[in-house]
Amino acid sequence: MTDIRTGFGLDVHRFQPGRELWLCGVSIPDAPVGLLGHSDADVALHALCDALLGAAGLRDIGYYFPDTDAAYEGADSKKLLARVLELIDGKGWRLGNADITICAQTPKLAPFIERMRSCVAAIAGVETDAVAVKATTSEHLGFTGRKEGIAAFANVLIFKKHHEN
Ligand code: MG
């Protein structure tokens with residue numbers, strides 16, 4: 001028997017000149033601006049973490065990694081994701097697949113999508129095929145359209161296997 005759950009996560013960070021841009025664990029070279037945040041501000045990994053936590057019936061990323069805690073200043077979000085995967089594993093859950101959408105008017109992300117998928121898949125110990133990363137714009141509408149920041153959305157399926165004997 002297999003139990004399955006789904007989860008959804010959303011995150012937004014504003015652009016900040018002089019910061020490095022990290023998305024899905026990949027540094028985007030030549031990006032004119034990065035994202036402001038207490039950690040490395042990897043908005044896509046933060047959305048993924050919240051989706052995983054939500055699916056497992058846990059709290060949110062801010063609960064486990066508060067931005068008031070100096071320990072997480074400049075934190076590598078890949079490590080936060082690894083910790084979240086440990087938290088859900090502690091409840092018997094494994095990642096089935098993840099579907100991530102990054103909404104950014106700039107920069108163009110197409111050249112980095114495959115590296116992002118591989119990065120997330122390697123951390124989660126799943127096939128690259130189980131991690132989708134999609135990039136879209138908001139057609140110049142709203143805060144992403146005005147190039148004020150980036151929004152990311154993630155859906156996950158997690159599963160728990162029961163051994164029958
Ligand atoms: Mg965040």
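## The nonpolar core

A nonpolar core is a set of buried Ala, Val, Leu, Ile, Met, Phe, Trp, Tyr and Cys residues joined through side-chain atoms within 4.5 Å. In this structure, which is a predicted model, the largest such core has 51 residues, and those with the most contacts inside it are Leu-23, Leu-48, Leu-52, Ile-102, Met-116, Ile-150 and Val-156. Two or more residues come to this core from each of strand S4 (33–35), helix H1 (43–55), helix H3 (77–89), S5, helix H4 (113–124), strand S6 (131–136) and S7, and H1 gives the most, with ten residues.

One of the residues with the most contacts inside the core, Val-156, touches Leu-48, Ala-51, Leu-52 and Ala-55, and its partners also include Arg-5, Thr-6, Gly-7, Leu-95, Asn-97 and Ala-98, when residues up to four places away in sequence are not counted.

## Strand pairing around S7

Strand S7 (residues 149–161) pairs with strand S1 (residues 2–17) in the antiparallel sense over 13 bridges, and within this pairing Arg-14 stands opposite Gly-149 in S7. Strand S5 (residues 94–103) also pairs with S7 in the antiparallel sense, over nine bridges, with Thr-101 standing opposite Phe-153 in S7.

## The largest pocket

The largest pocket has a volume of about 220 Å³ and is lined by 13 residues, of which His-38, Ser-39, His-46, Phe-65 and Asp-67 lie nearest its centre. The elements that give two or more residues to this lining are S1 and helix H2 (61–64). By class, the lining of the pocket consists of five nonpolar, six polar and two charged residues.

Notes
Residues are numbered from 1 along each chain as its sequence is written. This is a predicted model: local features need pLDDT of at least 70, side-chain atom pairs count only at pLDDT 80 or more; totals for chains, interfaces and linings use all residues. Side-chain values use heavy atoms; hydrogens and water are left out. Two strands pair if DSSP finds at least two bridges between them. Helices (H or I, at least four residues) and strands (E, at least two) are DSSP runs, numbered from the N terminus. On a 1 Å grid over the protein atoms alone, a cavity is a set of points where a 1.4 Å probe fits but cannot get out, and a pocket is an open set with protein on both sides within 12 Å along at least five of seven lines; lining residues have an atom within 4 Å of a point. Grid points are joined across faces, edges and corners, and a volume is the space filled by probe spheres set on the points. Ala, Val, Leu, Ile, Met, Phe, Trp, Tyr, Cys and Pro count as nonpolar, Asp, Glu, Lys and Arg as charged, and the others, Gly among them, as polar. Buried means under 20% relative accessible area, exposed over 50%, partly exposed in between (1.4 Å probe, protein chains only). Contact means heavy atoms within 4.5 Å.
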